[in-house]
Each structure stands twice: as structure tokens, then as C-alpha cells.
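Visitor: Could you take me on a close look at a single part of this chain? I am new to reading structures, so please go step by step.

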Amino acid sequence: GDLVKVTGRYLGSPTLEFVGRADAVCDTVGEKLHESFVARCIERAELGGAAFRCLFPFYDSAGWRYVLLGESLPTAAAERTDEILKTGFHYGLARRQGQLLPLISFERADAERVVQAACMGSGMRLGDIKPSVLIRDPEIGRRIMEMMGAGQPFRPAEAQISEVNA
């Protein structure tokens, strides 16, 4: 289920770069965000550098939204990323229909450590945590927001994580 990209050749054999998982889709309200699409959108948003960045779903009293978390983010990173994500049919439709609120962003120097701690708090072992630009589990998103002091202890029953087998 891994997606890879051929980046060159070494001694006649292709060199590969891991792009993501074929089944890595997040779907809370019908937006169907795929990990590779999110990675391309974040790249197109020109957020600068190779710092850690991830996107995750979050539900608060206002409704569902995505959160962009990064170690360093430029001004207007959330707006630029949200506009590019809206080029995806299902995400754009969910935003236009008000099912998803605008994306917000948080910058933290320890963003990767916070994500690891939230994953471990959900029962994952450190060795099982794979770097990903898209965190699909809303429970991990809730934990991240709580750790940053921005979360609300509420998770609606309609939260879903879609697994799409390619």
C-alpha cells in the first residue's frame, strides 16, 4: 500500500522516495483528503523550508475544521493552504456548504514532539509512529490541541476515519 516516486537511478536501478500510503484518506464530513494530495497542497502553499508540518481534523463547539501544525509557518499559511486544499472537489464542496470551517494554523518549535506525544497518548508505541503530513485520527487531533491548550474535551459520534484500499 505504499506510494513511491522514482527520483533517479543508481547503478541502473531506480532510487525511490516514499510519498505516502495509498489508503491514507481522512473523511470527517465527506471531504476525502488523501495524504498525497495534502502533501502536494502544502508544497504548493510555499510554506518554506523543510520543517515539520502536518494537517489534522479537529472538532470544537463551532464544528469540524482542519488544523495545520508546523515548526515554522509564514504569515497567512492557513489561508494559503486552505485555498489550495479547496481545489480538491470534496474538500472545496465541504467548505462551500459550511460542513468544514476554515483551516487554522499553529506554529510550535516542538510540533513533531507534540504529535509524537499525542500519538503515544492514544496507545501507539514510538517505533510505530510514521511521519505523515496527514493525521487521520480525530482523537489524535483532539489530543494535540489539548496539549497545546487549544482543545476542547469533546468528540462527536459522527467522527469517521476512512480507509480506502487501492
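Visitor: Why does Val4 count as partly exposed, rather than buried or exposed?

Guide: Happy to look with you, and please keep in mind that this is a predicted model. Val4 has a relative accessible area of 48%. Buried means under 20% and exposed means over 50%, with partly exposed in between, so Val4 is partly exposed. You can find Val4 in strand E1, which spans residues 2-10. Together with Val6 and Leu16, Val4 makes a nonpolar surface patch of about 290 Å².

Now step back to the whole chain. The accessible surface comes to about 8,900 Å², and carbon and sulfur atoms hold 52% of that. Of the 166 residues, 43% are buried. The chain has five helices and seven strands, and from the N terminus on they run β-β-β-β-α-β-β-α-α-β-α-α. Among contacts with a separation of 6 or more, 60% are between residues 24 or more positions apart.

After H3 comes Gly98, with a positive phi near 80 degrees.

Key: Residues numbered from 1 in each chain as written. Predicted model: local features only at pLDDT ≥ 70, side-chain atom pairs only at ≥ 80, totals over all residues. Heavy atoms only, no water. Patch = residues over 30% accessible without salt bridge, like charges linked within 9 Å, V, L, I, M, F, W, Y side chains within 5 Å. Areas by Shrake-Rupley, 256 points an atom, 1.4 Å probe, with all protein chains shown as cover. Salt bridge = Lys/Arg side-chain N within 4 Å of Asp/Glu carboxyl O. Helix = DSSP H or I, 4+ residues; strand = E, 2+ residues; numbered from the N terminus. Buried < 20%, exposed > 50% of the residue type's maximum accessible area, 1.4 Å probe, protein only. Contact = heavy atoms within 4.5 Å.
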